[in-house]
Each structure stands twice: as C-alpha cells, then as structure tokens.
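Reader: I'm new to looking at protein structures, and I'd like to learn how to read one. Could we go through it together?
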Amino acid sequence: VAEFYFKCGAHPTSDSDTSVVLNLITPNRQHVPCITCTDTGDPVLVFPCADCHVICLDCFRLYCMTRLNDRQFIHDPQLGYTLPCVAGCPDSAIKELHHFRILGNHQYDRYQRYGAEEYVLCMRGVLCPSPGCGAGLLPDAGVRRIECLQQDGVGCGFVFCRECKEEYHEGQCCVLRVRERAPEQQAYVVDPQAAQLARWEEASRQTIEQTTKPCPKCHVPVEKHGGCMHMKCPRSSCLFQWCWLCGMEWNRDCMGDHWFG
C-alpha cells in the first residue's frame, strides 16, 4: 500500500532527498471537523493520541503560539521540546518536532531558543541574567560566582551571583530573583463535544460503514461507486463475485430481479 505524506519545506527536495516526513499532516478527505473551530478545512494535523484528534493548521498554529507565549511546551527527555494533543490526551506528544515549522521562521527560532533554555534548566544549569544575553551556562554544583564567558560569539562576560542573579557580590544576597514560570494548567480550552466529533479513526470507521459492505466470503470492506449490483471482491486471493443488494453469490436471479437495483 502506497503512503503519501507532507514534507518539511525547510529541507530541499532532490534525488538524494533527506526531507523530514511530516506524518501527522494529512488531507482531510473525510471532512472531520477541527477540534477547536469545528471547520472541515484541508489539510489537517492528526494528533498521535488514542482518539486521533484532528486540528486544522490555523488552529494548530494558534495552539502552538498560545503555549509558546506562556512557556507551556513540555520538555521530554527523549523527544525534546514538544506539545501533547490539544485535548490533553495521555501519551500524545508530537515526536517529529519539525511539525512546529508551521510557526514560521521567526517563531520557530523562538521555539528553539526556549527549548534550549528549558534543557539547560533541566540540567541544573543557569541562564545569564544580563539583558540581551540569556546564554545557557552549566557551572559546577555549589559554585556561586558565575561568569558568562565570551566564546564562539556567545556570552557577554557578565559575572553574577548564582543565587540572586545580580552582579556578583560577597556575603548574603539582598534579593532573590525567582524565574517566573507559567502555571502548569493548560491554557488552551477545548470543548468536550468538539473533541468527540474531531476523532480521525472514528470518522474513518463511520465512513467505511456508510460507503462499504463486507465481502460475503472474506469480509474485506468493498466500496461501490455507482453501476450495477454485480460486485467482485478486489482481494486477489478471493475475487468472490456477489450481489451488493442481497449479499448472495452472483446468480441469474440477481441478474433478473435487481441487476441495476
């Protein structure tokens, strides 16, 4: 079976193509409504959750921007800086991070910077507090005097106190600067009824039920596109000929009574 995917536009396409496959973005041929705006636009992104919730690309971009502005992306040790399904489904984190390229170059650069900062903090590092710098530093544990070394175009030379993030000083800190973090709750609200309707796999199942019938012999779903009631199973190992209307093996009675319905 052939599979077709969208690819990341930031990578060139050539004979030696190494473009990243954006496997979560797909044409919305089933007209599944977006989980947030309920529009049935095309293409859409299908989250890797159990319900395969669908979101249009405009709403996905808004979802990413909302979480990015609040610094509510998740730092996963294996995946990196990512997001789960907009409905908060478990085990639904986006694995291929190039999907966030949809934010555009400027916001994607911002996303990468925030991700790097979160990684530094998770490694018990610190960020240079000097305005316009913010370089990530990984000093030894217990070291109070930290210098933001200038090397390879990074760093500003500022020397600061690890505890209060002010210019380095001896003695007790006067003010402790606490890095503000966004609340952990999800700021992007999803209507439960919309979440029920925006399920890709459920829509696929309903489409199959409405437009196909199982072959009476091998039970493979067979779709009918107009024409007469004479059906032939497309499965090469079966090829059973049967009647779409009565479900019996094709015979002269079917031809005489309801060949064309």
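Reader: Which residue lies over the face of Tyr168?

Author: That's Arg145, at 5.9 Å from the ring centre. Keep in mind that this is a predicted model. To count as a charge over a ring, the CZ of an Arg has to be within 6 Å of the ring centre. You can find another case at Tyr114, where Arg71 lies over the ring face at 4.0 Å from the centre.

Reader: Okay, now rings with rings. How many aromatic pairs are there in the whole structure?

Author: A search turns up 13 of them. Take Phe100 and Tyr111: their ring centres are 5.1 Å apart and the planes meet at 45 degrees, so we call the pair tilted. The two residues sit 11 apart in the chain, with Phe100 in the loop between strand S7 and helix H2, and Tyr111 in helix H2. Both of them are buried. Now look at Phe158 and Phe160, a stacked pair with 10 degrees between the planes and 5.9 Å from centre to centre. Phe160 is buried at 0% relative accessible area, while Phe158 is partly exposed at 23%.

Reader: Which residues do ring pairs link into a cluster?

Author: The cluster holds Phe47, Phe60, Tyr63, Phe73, Tyr81, Phe100, Tyr108 and Tyr111.

Reader: What about cysteines? How many disulfides does the structure hold?

Author: First the idea: a disulfide is a covalent bond between the sulfur atoms of two cysteines. Here there are zero. The sulfur of Cys56 has its closest cysteine sulfur in Cys59, but at 3.4 Å that is too far for a bond, because the cut-off is 2.5 Å. Cys164 is in no disulfide either, as the nearest cysteine sulfur, in Cys173, is 3.8 Å away. Cys56 is buried, at 9% relative accessible area, and so is Cys164, at 2%.

Reader: And the backbone? Where is the cis peptide bond?

Author: The general idea is that most peptide bonds are trans, and most residues other than glycine have a negative phi. In this model, a cis bond joins Asp42 and Pro43, with omega at about 0 degrees. Pro43 is in the loop between strands S3 and S4.

Reader: What is the phi of Cys52, positive or negative?

Author: Positive, near 50 degrees, and Cys52 isn't a glycine. You'll find Cys52 in the loop between S4 and strand S5, and at 14% relative accessibility it counts as buried. Lys165 also has a positive phi, about 65 degrees. Look for Lys165 in the loop between strand S11 and helix H3.

Key
Residues numbered from 1 in each chain as written. Predicted model: local features only at pLDDT ≥ 70, side-chain atom pairs only at ≥ 80, totals over all residues. Heavy atoms only, no water. Helix = DSSP H or I, 4+ residues; strand = E, 2+ residues; numbered from the N terminus. Buried < 20%, exposed > 50% of the residue type's maximum accessible area, 1.4 Å probe, protein only. Phe/Tyr/Trp six-rings, centres within 6.5 Å; stacked < 30°, edge-to-face > 60°. Lys NZ or Arg CZ within 6 Å of the ring centre and 35° of its normal.
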